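Dear colleague,

Please find below the structure that I am handing over to you, followed by a short account of what was found in it.

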Amino acid sequence: MIPSSPTRTYAKDMHYLQLLSQSFPTIADASTEIINLEAIMHLPKGTEHFLADIHGESEAFEHILKNASGNIKRKVNELFGNDIREAEKKELCTLIYYPEQKLELVKAAEEDIDDWYHITIHQLVKVCRDVSSKYTRSKVRKSLPADFSYIIEELLHESTDDNNKAAYVNVIVDTIISTGRADDFICAVCKVIQQLAIDQLHILGDIYDRGSGAHIIMDIMQHYHSWDIQWGNHDILWMGACAGNDACICNVLRLSLRYANLATLEEGYGINLVPLATFAMETYKDDPCTEFVPKLLKGSMDEKTLRLTAQMHKAITVIQLKAEAAIFNRRAEWNMKDRCMFEHIDYRQGTCTVGGKDYTMRCNHFPTINPEKPNAFTADEELLMEKLRHSFAVSEKLHKHIRTLLSHGCMYTVCNSNLLFHSSCPLNDDGTLKEVEIKPGYRYSGHELMHNIGLMIRSAFTADTPADERRYAIDYFLYLWCGKDSPLFDKSKMATFERYFLSDPETYREEKGAYFRLRDDAAICDRILDAFGVKGNNRHIINGHVPVHASKGENPIKAGGKLMVIDGGFSEAYHKETGIAGYTLVYHSRGFQLVQHEPFTSAADAIQRGTDIKSTTQIVEMSAHRMLVADTDKGDELRSQIADLKELLYAYRHGILKEKRN
């Protein structure tokens with residue numbers, strides 16, 4: 001019988017301890033690591049940033065990452081106060097955000113560039129020292145670029161305030177300048193500052209649709225140091241399109257045409273839209289397609305391009321409704337056959353029956369619909385779908401980005417007493433968790449519902465999933481997009497057909513599920529938090545999905561502070577509706593702050609004129625004490641590691657394992 005320590009017996013864990021001993025082969029190694037982990041526990045908690053519903057606004061998103069939601073500007077103000085002018089602080093901030101571009105402007109205007117280099121490098125090192133102060137040297141070292149790792153580390157831990165080291169530090173800076181490496185060094189330090197200012201980024205869904213830069217955002221995220229995503233309904237739509245769901249492919253194309261945004265499809269992912277354009281021009285050549293004129297956000301289109309876009313928009317919408325009907329009929333258990341809308345049209349009278357009432361159609365021109373079989377594809381539509389399906393299937397970059405979403409994402413996350421999900425946790429009208437059947441015979445609620453949906457999503461992309469299960473999983477992307485009990489939709493219906501083809505707004509109504517009606521109740525939030533096993537005295541639900549109408553006085557903080565809704569309308573399409581341009585929720589060692597952003601002009605304007613996103617900070621909840629790593633999930637993980645290492649020490653000292661000395 002192996003002796004036991006005060007914490008647990010070794011018999012069942014010998015194999016694990018033997019593996020652990022390979023990393024820590026001696027008492028000295030294990031002891032040093034315990035000392036290191038105990039020290040880390042007493043560092044301040046890292047800063048988490050929460051963003052939601054980015055919707056392709058790549059320039060604004062990237063700027064918020066660069067300025068850390070205004071945190072870098074705040075630090076520059078704190079560090080330099082009245083020591084330098086406001087204009088100089090603005091210039092320094094712009095340099096940190098856009099070092100390469102700003103350097104070009106400075107060098108073109110600065111008369112004594114060496115003097116500027118000397119002053120600026122010292123300022124940047126001071127900022128870098130401040131943002132790195134809450135991390136271990138090891139973590140900071142890992143963030144440093146290889147070319148300048150040693151030099152930056154030396155400058156961070158030495159100061160000109162120390163008379164004994166002043167000359168040493170100044171010579172390092174002088175040599176950086178004299179060897180022609182100043183530009184590269186400045187760019188390196190600025191990027192380190194950006195990285196260390198945000199310890200962990202949480203994206204609460206909807207990177208895709210509306211804006212033109214979703215692919216650019218995904219390029220950024222592929223190389224971002226630490227992030228996770230809780231999939232949103234628009235992300236799921238693109239994932240379904242990538243998996244080969246025809247209805248999702250059509251929805252992706254329709255939304256892109258609706259917002260006159262084809263850049264992500266064509267430039268980002270190389271999707272060939274020529275077959276759709278050719279089909280639309282031939283099929284709808286005599287149709288004004290008035291209802292399908294896109295919502296133009298920026299710039300303008302010439303009449304010919306506008307007409308073609310509207311024709312393509314109508315063509316793909318009709319095909320989408322047919323593709324959806326095929327899935328709704330195939331999956332009768334979803335109870336969505338009533339959304340096969342072409343079956344409810346009286347094509348001779350030009351009316352449609354919705355909810356037992358007849359409504360006049362805005363237009364009744366459907367050259368590809370056979371009233372006897374209204375959901376059937378024509379031969380040309382079937383050929384077009386084959387081409388579109390192939391284009392999505394062979395887009396290497398799209399598949400790479402979707403794999404990134406899969407590797408960094410899930411339906412929900414619990415992190416540091418916060419439950420994160422994009423939209424909803426389905427509830428019954430009495431506030432109890434609603435059981436939802438995700439496939440025949442499998443009903444789940446709350447945590448189990450989210451978990452099993454996540455497993456199904458992943459099964460659509462794995463080759464070893466049985467064919468029938470994989471086909472169902474691919475179909476299920478459509479239910480997640482528009483199904484009544486989908487945690488990513490949770491409404492009575494998606495009134496796409498009605499908004500395009502019927503003029504009566506009564507038919508547009510999409511009644512929200514019980515979650516949205518009840519989520520301002522603290523007791524309901526506690527019930528959901530309990531179901532997901534969220535612990536802590538100050539626990540929260542954090543959502544996006546539904547824009548907060550700040551201009552109308554709506555408060556993003558609900559349920560007495562237990563729920564935070566951080567969709568403030570990042571997308572330009574929502575700016576007039578919400579009155580702002582998004583929120584960032586910041587969770588640092590002192591507590592929560594909600595940062596409300598005004599619309600971003602452009603990166604070019606920020607570089608040329610030093611403009612920044614104007615942000616207003618609201619204190620949401622402050623901690624009675626400064627939170628340490630020990631107070632976080634990471635602290636729990638470190639405590640477990642320390643316990644394991646102490647057992648390894650016990651094993652070494654009592655001869656259960658032998659040290660492996662060289």
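**Findings: an open sheet, a helix pair and a glutamine**

In this predicted model, five strands form an open sheet with mixed pairing, and their order is 8-9-12-14-13. Strand 8 (412–415) and strand 13 (557–558) are the edge strands, each of them pairing on one side only. Within the sheet, strand 12 (residues 540–543) and strand 14 (residues 563–565) are paired in the parallel sense over three bridges. N543 has V565 of strand 14 as its bridge partner.

The next item concerns two helices. Helix 12 (residues 214–222) packs against helix 19 (residues 396–408) at an angle of about 55°, and their axes are 10 Å apart. The crossing of helix 12 past helix 19 is left-handed. On the side of helix 12, the contact is made by H215, M218, D219 and Q222; helix 19 contributes K397, K400, H401, T404 and L405. By type, the residues of this contact comprise two nonpolar, four polar and three charged.

Q320 is located in helix 17 (residues 303–330). Is Q320 buried or exposed? Its relative accessible area is 0%; the cut-off for burial is under 20%, so Q320 counts as buried. Apart from neighbours within four places in sequence, Q320 is in contact with A247, C250, N251, R254 and T496.

With kind regards

Definitions and conventions. Residues are numbered from 1 along each chain as its sequence is written. This is a predicted model: local features need pLDDT of at least 70, side-chain atom pairs count only at pLDDT 80 or more; totals for chains, interfaces and linings use all residues. Side-chain values use heavy atoms; hydrogens and water are left out. Axes are lines fitted to C-alpha atoms, for helices over the stretch in contact, and angles run from 0 to 180 degrees between N-to-C directions. Helices (H or I, at least four residues) and strands (E, at least two) are DSSP runs, numbered from the N terminus. A crossing is left-handed if the near helix is turned anticlockwise from the far one by less than a right angle, and right-handed if clockwise. Contact means heavy atoms within 4.5 Å. Ala, Val, Leu, Ile, Met, Phe, Trp, Tyr, Cys and Pro count as nonpolar, Asp, Glu, Lys and Arg as charged, and the others, Gly among them, as polar. Two strands pair if DSSP finds at least two bridges between them. Buried means under 20% relative accessible area, exposed over 50%, partly exposed in between (1.4 Å probe, protein chains only).
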